[in-house]
Amino acid sequence: MVSGAVAPLTSNPPARVRNLIQGLASEETQEQSLDVLCKNRLAYDNLAVLLWNSFGTMSVLLKIITSAYRPLLSDGLTERAVTQVCNAIALFQCVASHPNTRIPFIRATMPVYLYPFLNTMSNERSYECLRITSLGVIGSLAKVEDPEVIEYLLSTQIFPSCLRCMELGKTLSRTVSTFIIYRILLSEKGLKYCFVLAERYLSVSQCLGKLVENLGDDDVENLPHLLKNIIGCYLRLSENERTRPQLLSYVPWKLLYHKYANIVRSDPEALADLRKLVCNLRTSKSCTTHCTDEPPTSSNFPGPTIP
């Protein structure tokens, strides 16, 4: 039984965690147990294992998450309900991040229950909160180099969901969703998936282009990470020599402005990727120019030189 004020997991953590997990099953203690577990989820390494192996616990979390579906459609979500759902999703992320529970988690197809939050068309605060928390779960899966995880994400059509988040979400949601696309593209299977259909490749290229065109200075903290992910996606796409000439028309030269090069300058990996991208695009332009006998002047290749 959980009662009293929220307390950290300090004394006898295993027993305390088990009591809190048991408290999820009771309506009287569920909200507080969820809150304490969420706030202290990083304090206990095996929380994910206990959550996954405790009888009925994942079903309880799933029930909390799916309870938001109907009010989500009618714009009837209260702030309290959003907080509870986000806390439950955060515990999902805990399970998705742990090496011992990650694969059972995707084999049980648990992540798909978060997709409705990725596919909403509103960027109001409550929707954005659910969106970014759900993206955190998918991002935790995507950052692991595991072929089964990539196969799962591709099979559940995460691409269009992430593209929608890139278009509608705020900067943090755009950053995480672009990171997920980038991590998938890093795998050969993911890159192949992108190029199988011309429409799919064009959708990704155009969505990245819109991201670049809409870059602003409203979120200084996340902008460097967003830029790094955009550059990484473009670089992977540019490694396909067959479609590289077409990609040239979809990369806004705004991305190559010194302003943005200066933002990523503190990240050697991102700056190196940007230089490599410029090199690939210039190579493509040179090849096209050679084939059309058009001299490669600054007027037909407006991209600046990255220092």
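Me: Which hand does the crossing of α14 and α15 have?
Reply: The crossing of α14 and α15 is left-handed, a term for a near helix turned anticlockwise from the far one by less than a right angle, with clockwise being right-handed. Helices here are DSSP runs (H or I, at least four residues), and strands are runs of E of at least two, numbered from the N terminus.

Me: At what angle do the axes of α14 and α15 cross, and what is this model anyway?
Reply: The axes of α14 (residues 198–213) and α15 (residues 223–238) cross at roughly 150° and come within 11 Å; axes are lines fitted to C-alpha atoms, for helices over the stretch in contact, with angles from 0 to 180 degrees between N-to-C directions. The model is predicted, with local features needing pLDDT of at least 70 and side-chain atom pairs counting only at pLDDT 80 or more, while totals for chains, interfaces and linings use all residues. Residues are numbered from 1 along each chain as its sequence is written, and side-chain values use heavy atoms, with hydrogens and water left out.

Me: Which residues in α14 and α15 meet?
Reply: Among them are Tyr201, Val204 and Leu208 in α14, and Leu226, Ile230 and Leu237 in α15, where contact means heavy atoms within 4.5 Å. The residues of this contact divide into 10 nonpolar, two polar and no charged (Ala, Val, Leu, Ile, Met, Phe, Trp, Tyr, Cys and Pro are nonpolar, Asp, Glu, Lys and Arg charged, and the others, Gly among them, polar).

Me: Switching topic, how many aromatic pairs are there?
Reply: The count is five aromatic pairs, taking rings of Phe, Tyr and Trp (its six-membered ring) with centres within 6.5 Å; planes under 30 degrees apart are stacked, over 60 edge-to-face and the rest tilted. One of them joins Trp52 and Phe105, which are edge-to-face at 6.4 Å centre to centre, with 70° between the planes. That pair links distant parts of the chain, with Trp52 in α3 (residues 47–53) and Phe105 in α7 (residues 102–107), 53 residues apart.
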